[in-house]
Amino acid sequence: MGKLWESRYTICLELMVLFMLTGAFLYGKFHEDISAGGTSGSIRADQPLAEDGGETDDVKPKIALTFDDGPHPVFTPRLLDGLKERGVHATFFLIGKNIIGNEDIVRRMKDEGHLIGNHTYNHVQLTKLSEEKACEEIIKTNDLIYEVTGSGTEFIRPPFGSWNDNLECGIELISILWSVDPLDWKTEDTSAVVNRVVKNVKENDIILLHDYYGSSVDAALQIVDILQKEGYEFVTADELILE
């Protein structure tokens, strides 16, 4: 009987030692994982959480949609409707003479969060003008934008991309060009314009289109639909050039 109790006592001691060793191993492993940044299924304290409790995805790549030559009395409102439905902000470079009679459209652009820029008063190549005439084209348009919206603009897209960095008009001017040009003004083939953009666009691109043509407006909204599904975020052009 004594030997039986002795045997049971020995087994109990062995089990206790085994439990202690196992606990020590697990405790050390736990702290090792924390030091290494956590196990593959864990979320560190410095990782932001998505709404569903998981880790957030990478930041979406940004691109800018820009429109020249407007406002157009029919096509620009149609474009604004489509952008609003899709939650997209764009950049509009306005021709001064086209603002007259379309002031409500320009006010709507500002009210709905779009960026407004200058595209000269008569759509002229500034580098072929004297400094005085070039500044007159710019300032006359800026004054109109201010009168209509209550805010001026320092952003300009020079027609034909022709710009003189040394031009001094007494106001701050930031030239914004483009990186993707589907030449939408040359064709009414909406599909061709869409394909030229979506096949060539990449992060931080500035897309050039025109809101003065119905086919361009249709193409723009299709481009938005396609690229949003691909994960792109549309921003105003200043967000890309000023970052």
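User: Where is the place of L183?
Analyst: L183 sits in the loop between β5 (174-175) and α6 (190-198). Helices (H or I, at least four residues) and strands (E, at least two) are DSSP runs, numbered from the N terminus. This is a predicted model, where local features need pLDDT of at least 70, side-chain atom pairs count only at pLDDT 80 or more, and totals for chains, interfaces and linings use all residues. Residues are numbered from 1 along each chain as its sequence is written, and side-chain values use heavy atoms, with hydrogens and water left out.

User: Why does L183 count as partly exposed?
Analyst: Because its relative accessibility is 31%. Buried means under 20% relative accessible area, exposed over 50%, and partly exposed in between (1.4 Å probe, protein chains only).

User: OK, and where is L129?
Analyst: L129 is in the loop between β3 (115-118) and α5 (131-149).

User: What is L129 in contact with, leaving aside neighbours within four places in sequence?
Analyst: V124, A134 and E137. Contact means heavy atoms within 4.5 Å.

User: Switching to α5. Which residues are buried there?
Analyst: Among them are A134, E137, I138, L144 and V148. What covers the buried residues of α5 includes β2 (91-94), α3 (96-99), α4 (103-111), β3 and β4 (155-156).

User: How far apart are the end C-alpha atoms of α5?
Analyst: They are 27 Å apart, which agrees with the 27 Å that its 19 residues should span at 1.5 Å a residue. The expected span is 1.5 Å times one less than the number of residues.

User: What comes just after α5?
Analyst: G150, which takes a positive phi of about 85°.
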